[in-house]
Amino acid sequence: MRAPSLVVSLLLALAAACELPTPPFGRACDAENPCPDGYLCDEEACIPEDLPADAGTLDAGP
Amino acid sequence: MRRWLEPKAPDARYNALVLVPLVTVLGVLAPSGAPAPRPGDGPPDLVAKAYAAAEELRYCDAVPLFLALHERAPQAKHLYRAAEVAYAARDHRMALDLYRSVLAAYPTFEKARSVAGKIKQLEQLIARGDLGEACAEPARSCGDWVVVPGEQCDDGNLEDGDGCDGNCTLSACGNGVRTGGEACDDGNLLDGDGCDGNCTPSTCGNGIAAPPEECDDGNQVDGDGCDRGCVRSGCGNGVLGVDEQCDDGNAKNGDGCDRNCTRSRCGNGALQSGEECDDGNALDGDGCDAGCRSTRCGNGVVTAGERCDDGDLEDGDGCDSNCTPTGCGNGIVTAGEDGACEGGGPDEGVVLLGGGLTFAGAALTVSSLVLAGFGAVPALDHAAAAAAIEEAEASAGDDLDAALEDARAAQAAASDANRRWQSFGAPLVVAAAASLVVGVALGATGIWLWTENVAPVAAVGDPNDEERIP
């Protein structure tokens with residue numbers, strides 16, 4: 001009985017390690033969950049750094 | 001029966017009344033005064049004889065002669081002359097009968113008036129009781145022109161072969177007189193009594209089949225239906241005929257010439273000692289093989305379904321008792337082989353196992369694919385969410401707020417898909433992959449068992465792969 005449970009645990013562990021990669025745009029962010037390179041955290045959401053200044057309602061950068 | 005009397009010497013009155021008129025009637029009698037025969041008068045010899053009898057006053061003798069003449073040449077004058085000589089013989093009753101016959105047969109006869117007068121005269125004589133002198137019936141013999149009972153004919157002579165033979169029978173086979181063309185004539189038409197019905201001696205070849213002859217076609221030619229010795233043409237009659245190799249006159253086989261008239265040998269169609277069969281040919285595999293042994297394994301002849309045939313049913317001698325070469329896999333356990341080598345045929349257990357494994361492998365493979373499909377659903381959902389995020393990012397330059405709103409929704413969907421993928425999607429796919437491997441392995445094992453155990457046995461006996469081992 002131990003072997004099957006071991007196999008199931010192994011499978012689950014393997015699956016947990018297999019997280020599907022998600023594009024960062026719009027992902028929630030804060031100091032503990034920073035955005036990846038090329039993105040900046042703006043109003044708790046990752047947005048591209050090279051977004052044009054006049055895009056949307058965002059204020060132009062300093 | 002009327003008696004015939006010898007004629008008496010006529011007296012003067014008779015001569016005056018009868019003979020002179022008779023002579024007048026007959027004319028000049030033969031030979032000095034016989035009328036010259038005319039065509040249709042009848043046989044000249046008979047004419048001469050009749051007239052000679054009358055001339056010699058042998059009237060009673062002349063009567064039957066004229067009657068015989070009338071019989072052969074029916075003319076009024078012949079019958080009339082018969083009556084006249086009867087009258088001359090003074091046989092009143094016979095004369096009356098004959099005269100009446102003349103008038104009855106020839107009413108227009110030129111002397112009818114005279115005949116009528118004679119009839120009247122004779123009737124008066126007889127009425128008075130004067131019958132005259134009846135002629136005595138003469139002794140008759142063959143050759144006297146008069147046909148009497150017992151004679152078929154009488155041509156006035158005893159010559160044979162002239163139509164009426166010397167025994168007064170018609171010239172023909174079976175009349176007892178050998179005449180032209182007859183080799184014999186025993187007086188009958190019976191066959192086999194020495195002289196057959198065709199007047200040839202009772203011998204083979206005379207055209208008459210008489211016992212003990214089976215046939216007789218009148219010749220001694222063989223093969224024409226009736227052979228020499230008067231036996232029917234055919235095998236076994238002792239006469240070599242067309243299409244016969246031999247003919248020893250019996251129906252025994254194996255004595256050199258068999259009952260079908262072929263020389264005793266295997267393949268002649270006649271079964272003889274030492275042959276199991278004989279179908280008349282040397283073809284193998286048709287039930288009776290060359291060598292006249294029945295088609296079967298062990299008869300020494302390789303036929304369909306046999307890869308070898310060494311003439312025995314011994315195993316391990318190169319060709320085993322199932323007519324396959326000695327060796328592992330031929331179904332016969334021989335020296336040096338173990339039971340595993342020879343199942344003696346496809347092992348049912350192995351066959352079942354192979355089939356079961358193949359089926360289980362296929363089922364597992366299919367179910368694994370289905371499982372993998374279910375497991376892949378979260379991954380597909382995540383891929384769709386990721387695509388939506390990238391699309392929103394691409395439109396961020398136009399309207400960042402809207403793009404962010406879309407991106408957040410897609411991020412939530414991606415997060416949900418990721419959670420489902422990690423909780424059951426990925427494990428399902430991994431398990432399905434493992435199951436797929438196991439299923440394929442099982443199926444392959446099953447197929448291998450089948451091909452290794454069933455196919456080789458089925459291949460034994462393939463006539464296309466014959467290996468002739470004598």
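Helices (H or I, at least four residues) and strands (E, at least two) are DSSP runs, numbered from the N terminus. This is a predicted model, where local features need pLDDT of at least 70, side-chain atom pairs count only at pLDDT 80 or more, and totals for chains, interfaces and linings use all residues. Residues are numbered from 1 along each chain as its sequence is written, while chains are lettered from A and ligands numbered from 1 in the order in which they are written.

**Exercise 1. Read off the make-up of the two chains.**

Task: Find which helices and strands chain A has, and in what pattern they follow along the sequence.

Solution: 
- Step 1. Count the elements: chain A has one helix and two strands.
- Step 2. Now try chain B, which has nine helices and four strands. Starting at the N terminus, its elements go α-α-α-α-α-α-β-β-β-β-α-α-α.
- Step 3. Check the burial. A residue is buried if 20 or more other C-beta atoms lie within 10 Å of its own, exposed if 12 or fewer, and partly exposed in between, with C-beta atoms placed from the backbone. In chain A, 21% of the 62 residues are buried; in chain B, buried residues are 30% of 470.
- Step 4. Look at the contacts (two residues are in contact if their C-beta atoms, placed from the backbone, lie within 7 Å). Take contacts between residues at least 6 apart in sequence: in chain A, 0% of them join residues at least 24 apart, and in chain B, 35% do.

**Exercise 2. Check the length of a helix.**

Task: Work out why the end-to-end distance of helix α4 of chain B agrees with its 13 residues.

Solution: 
- Step 1. Grab the rule: the expected span of a helix is 1.5 Å times one less than its number of residues.
- Step 2. Apply it to α4(B), residues 76–88: the 13 residues should span 18 Å, and the end C-alpha atoms are 18 Å apart, so the two agree.
- Step 3. See what comes next in the chain.

**Exercise 3. Describe a helix pair.**

Task: Find how α5 and α6 of chain B pack.

Solution: 
- Step 1. Axes are lines fitted to C-alpha atoms, for helices over the stretch in contact, and angles run from 0 to 180 degrees between N-to-C directions. Helix α5 (residues 92–105) and helix α6 (residues 112–127) of chain B pack at about 150°, with axes 9 Å apart.
- Step 2. The crossing of α5(B) and α6(B) is left-handed (the near helix is turned anticlockwise from the far one by less than a right angle; clockwise would be right-handed).
- Step 3. The residues in this contact of α5(B) with α6(B) are 12 nonpolar, one polar and four charged. Here Ala, Val, Leu, Ile, Met, Phe, Trp, Tyr, Cys and Pro count as nonpolar, Asp, Glu, Lys and Arg as charged, and the others, Gly among them, as polar.

**Exercise 4. Find the core.**

Task: Say how many residues the largest nonpolar core has, and which helix gives the most to it.

Solution: 
- Step 1. A nonpolar core is a set of buried Ala, Val, Leu, Ile, Met, Phe, Trp, Tyr and Cys residues joined through C-beta atoms within 7 Å.
- Step 2. The largest one has 35 residues, and Ala83(B) is one of those with the most contacts inside it.
- Step 3. α3(B) gives the most to this core: nine residues.
- Step 4. Apart from this core lies another, of 25 residues, among them Ile47(A) and Ile389(B).
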